[in-house]
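Me: I have a model open and would like to learn how to read it. Please take me through it one feature at a time.

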Amino acid sequence: DNLMFLKVLAKCIDNLPVSWKGVMIGKYIDHKKGSQICKELGISPSNLWQIAHRAKQQLRICLNENWKDN
């Protein structure tokens with residue numbers, strides 16, 4: 001069910017490195033602009049996209065391991 005999925009997703013996000021978590025929450029939850037996220041985290045735009053890509057890969061792995069959609 002959706003509530004269980006959201007709990008697993010939150011746990012997976014919490015397990016990300018701090019800067020990765022900041023990028024994912026800023027971009028996909030708070031819907032901030034890339035430039036704002038870069039300024040807040042002190043990273044370059046290319047680093048932002050690299051972190052977002054790696055974080056999504058890690059989240060996919062975590063969800064595959066921890067979310068069993070019955």
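**Reading the model**

Reply: The chain has four helices and zero strands. This is a predicted model, and the elements run α-α-α-α from the N terminus on.

Me: What does the C-alpha trace span along its principal axes?

Reply: The span is about 40 × 20 × 15 Å. Of the 70 residues in the chain, 26% are buried.

Me: Among contacts between residues at least 6 apart in sequence, how many join residues at least 24 apart?

Reply: The share is 57%. Gln 50 and Trp 20 are 30 residues apart along the chain, and 9.7 Å separates their C-alpha atoms.

Me: Where are Gly 22 and Gln 50 found?

Reply: Gly 22 has its place in helix H2, and Gln 50 is in helix H4. Gly 22 is partly exposed, because its relative accessibility is 26% and that class runs between 20% and 50%. Gln 50, at 39%, also counts as partly exposed.

Me: Now the helix packing. At what angle do H2 and H4 pack?

Reply: Begin with the angle and the distance between the axes. Helix H2, residues 18–29, packs on H4 at about 95 degrees, and the axes are 9 Å apart. Angles of 65 to 115 degrees count as roughly perpendicular, so H2 and H4 are roughly perpendicular to each other.

Me: Which residues of H2 and H4 meet?

Reply: From H2 come Ser 19, Trp 20, Val 23, Met 24, Lys 27 and Tyr 28. On the H4 side they meet Leu 48, Trp 49, Ile 51, Ala 52, Arg 54, Ala 55, Lys 56, Gln 58 and Leu 59. Sorted by class, the residues of this contact are 10 nonpolar, two polar and three charged.

Me: Can we take one of the charged residues, Lys 56? What does Lys 56 touch, leaving out residues up to four places away in sequence?

Reply: Lys 56 touches Met 24 and Tyr 28. Lys 56 lies in helix H4 and is partly exposed, with a relative accessibility of 37%. For Lys 56 and Asp 30, the C-alpha atoms are 16 Å apart in space, and the two residues are 26 apart in sequence.

Me: How is H1 set against H4, and how far apart are their axes?

Reply: Helix H1 (residues 2–14) and helix H4 (residues 45–66) pack at about 135 degrees, with 10 Å between their axes. That angle makes H1 oblique to H4. The crossing of H1 past H4 is right-handed.

Me: Which residues make the contact between H1 and H4?

Reply: Phe 5, Val 8, Leu 9, Cys 12 and Ile 13 in H1 meet Leu 59, Cys 62, Leu 63 and Asn 66 in H4. This contact has eight nonpolar residues, one polar and no charged ones. Leu 59 is listed in the contact of H4 with H1 and in the contact of H4 with H2.

Me: Next, charge pairs. How many salt bridges does the structure hold?

Reply: Side chains of opposite charge can pair when their charged atoms come close. The structure holds two salt bridges. One is formed by Asp 14 with Lys 21, whose closest N and O atoms are 3.9 Å apart. The cut-off for this pairing is 4 Å. In the other, the side chains of Glu 40 and Lys 32 meet at 2.9 Å, N to O.

Me: Last, the backbone. What is phi of His 31?

Reply: Most residues other than glycine have a negative phi. His 31 has a positive phi, near 55 degrees, and is a residue other than glycine.

Me: Where is His 31 found, and is His 31 buried or exposed?

Reply: His 31 is in the loop between H2 and helix H3 (34–41). His 31 counts as exposed, because its relative accessibility is 62% and the exposed class begins over 50%.

Notes: Residues are numbered from 1 along each chain as its sequence is written. This is a predicted model: local features need pLDDT of at least 70, side-chain atom pairs count only at pLDDT 80 or more; totals for chains, interfaces and linings use all residues. Side-chain values use heavy atoms; hydrogens and water are left out. Axes are lines fitted to C-alpha atoms, for helices over the stretch in contact, and angles run from 0 to 180 degrees between N-to-C directions. Helices (H or I, at least four residues) and strands (E, at least two) are DSSP runs, numbered from the N terminus. Angles under 35 degrees count as roughly parallel, over 145 as roughly antiparallel, 65 to 115 as roughly perpendicular and the rest as oblique. A crossing is left-handed if the near helix is turned anticlockwise from the far one by less than a right angle, and right-handed if clockwise. Contact means heavy atoms within 4.5 Å. Ala, Val, Leu, Ile, Met, Phe, Trp, Tyr, Cys and Pro count as nonpolar, Asp, Glu, Lys and Arg as charged, and the others, Gly among them, as polar. Buried means under 20% relative accessible area, exposed over 50%, partly exposed in between (1.4 Å probe, protein chains only).
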